[in-house]
Amino acid sequence: MKTTLYRASSRGHAYHGWLDTHHTFSFANYYNPDRINFGALRVVNDDIVEAGEGFGTHPHDNMEIVSIPLYGDLEHKDSMGHTEVVRPGEIQVMSAGSGITHSEYNSSDENPLNFFQIWVFPDTKNVKPRYDQRAFDFLEKKNELVQIVGPKDDPDNQALWIHQSAWFSLGSFDKGSEVDYKVKKKGNGVFAMVIEGEFTVGGQKLHHRDALGVSDIDELKITTDSEHGRILLIDVPMVF
């Protein structure tokens, strides 16, 4: 088993007044040669956006982008004609493919927005851009993982899909709950990030916003140490 520990306090940080952001991997003005990616996982940004503010129209290509609102409402507009609001309990995916422009704003004039934006390298380049979003019940379910994203070609995938052999799962757990997570595909690794609470993952104690990348495993044991906790798992190819 190979592990890489990403303490919350070691993340890149930038404060722009309207945006308070933390980067697990190198992004924008934060560069760490030891933190470029974890396999096909390229970006995990933890963004807090002030009321009425946001990211103006900007381009992307050849990246699978997953957005997860934690609190507040995320307004999305893109060059494909979509105008949507993504709320907690909903997940957004976008395949940038051959090229797309979009904007992301906090749709509230009063309350802040906190969301994860996650980028995964695709397994196929220059695909037709696409957008999708869906509501899930991971906020209501307790003590089990809910799959929210999977590969396009997985016949068992009932969640949103992306162009990569990657699976995303979210779960809310009570103290003492244990999960033996089975890696979805041989050669994949698992990036586990604590959204809130405390967990022990693969024998490593993790706190709020800590993360652990684990590879060369078939199964990963996860135990909830706090009264309540939420965790995100991203199961991705290590070679792509």
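Q: What is Ser169 in contact with, leaving aside neighbours within four places in sequence?
A: In this predicted model, Ser169 contacts Leu145, Val146, Gln147, Ile148, Tyr181, Ile231, Leu232 and Leu233.

Q: Which strand is Ser169 in?
A: Ser169 lies in β15, residues 167-174.

Q: Is Ser169 buried or exposed?
A: Buried. Ser169 has a relative accessibility of 4%, and the cut-off for buried is under 20%.

Q: Switching topic. Which residues does UniProt list for "binding site"?
A: The UniProt record, an unreviewed entry, lists His58, His60, His102 and Glu104.

Q: Take His60. Where is it found?
A: His60 is in strand β5, which covers residues 54-60.

Q: Is His60 buried or exposed?
A: His60 counts as buried, because its relative accessibility is 11%.

Q: What does His60 contact, beyond neighbours within four places in sequence?
A: His60 is in contact with Ile65, Met94, Ala96, Gly99, Ile100, His102 and Trp119. One of these, His102, is also on the UniProt "binding site" list.

Q: And Glu104, which strand?
A: Glu104 sits in β10, residues 100-106.

Q: Is Glu104 buried or exposed?
A: Buried. The relative accessible area of Glu104 is 2%.

Q: What does Glu104 touch, not counting residues up to four places away?
A: Glu104 touches Gly54, Phe55, His58, Ser67, Leu74, Glu75, Phe115 and Gln117. Among them, His58 is another residue that UniProt lists for "binding site".

Q: Where does UniProt place the "Pirin N-terminal" domain?
A: The unreviewed entry places that domain at residues 12-120.

Q: How much of residues 12-120 is helix, and how much strand?
A: The span is 0% helix and 58% strand. Its end C-alpha atoms lie 19 Å apart.

Q: What about Glu64? Which strand?
A: Glu64 lies in β6, residues 64-71.

Q: What is the nearest side chain of opposite charge to Glu64?
A: Arg130, at 5.0 Å. Glu64 is buried yet has no salt bridge.

Q: Which backbone nitrogen lies 3.0 Å from a polar atom of the Glu64 side chain?
A: The backbone nitrogen of His163.

Q: What else is in contact with Glu64, leaving aside neighbours within four places?
A: The contacts of Glu64 are Met94, Ser95, Ile118, Trp119, Val120, Pro122, Ile162 and His163.

Q: How many salt bridges does the structure hold?
A: Twelve.

Q: Start with Arg11. What is its partner?
A: Arg11 forms a salt bridge with Asp46, with the closest N and O atoms 3.2 Å apart. The pair links distant parts of the chain, 35 residues apart. Arg11 is in the loop between β1 (2-6) and β2 (12-15), and Asp46 is in strand β4 (residues 41-49).

Q: Are Arg11 and Asp46 buried or exposed?
A: Both Arg11 and Asp46 are buried.

Q: What about Lys175?
A: Lys175 forms a salt bridge with Glu227, the closest N and O atoms being 4.0 Å apart. Lys175 lies in the loop between β15 and β16 (178-182) and Glu227 in the loop between β21 and β22 (228-237), so the pair ties together parts 52 residues apart in sequence. Both Lys175 and Glu227 are exposed.

Q: And Lys205?
A: Its side chain meets that of Asp225 in a salt bridge, 3.2 Å from N to O. Lys205 lies in strand β19 and Asp225 in the loop between β21 and β22, so this pair ties together parts 20 residues apart in sequence. Lys205 is partly exposed, with a relative accessible area of 32%.

Q: Where is Arg209, and what is its phi?
A: Arg209 is in the loop between β19 (204-206) and β20 (211-215). Its phi is positive, about 70°, although Arg209 is not a glycine. Arg209 is buried, with a relative accessible area of 7%.

Q: What about Asp216?
A: Phi of Asp216 is near 60°, a positive value in a residue other than glycine. Asp216 lies in the loop between β20 and β21 (219-224). Asp216 is exposed, with a relative accessible area of 53%.

Terms used
Residues are numbered from 1 along each chain as its sequence is written. This is a predicted model: local features need pLDDT of at least 70, side-chain atom pairs count only at pLDDT 80 or more; totals for chains, interfaces and linings use all residues. Side-chain values use heavy atoms; hydrogens and water are left out. UniProt positions are given in the numbering used here, feature names are shortened, and annotations may be inferred rather than shown by experiment. Helices (H or I, at least four residues) and strands (E, at least two) are DSSP runs, numbered from the N terminus. Buried means under 20% relative accessible area, exposed over 50%, partly exposed in between (1.4 Å probe, protein chains only). Contact means heavy atoms within 4.5 Å. Lys and Arg count as positive and Asp and Glu as negative; His and the chain ends are not counted. A polar contact is a pair of N or O atoms within 3.5 Å; within protein, one must be able to donate a hydrogen and the other to accept it, and residues adjacent in sequence count only if both atoms are side-chain atoms.
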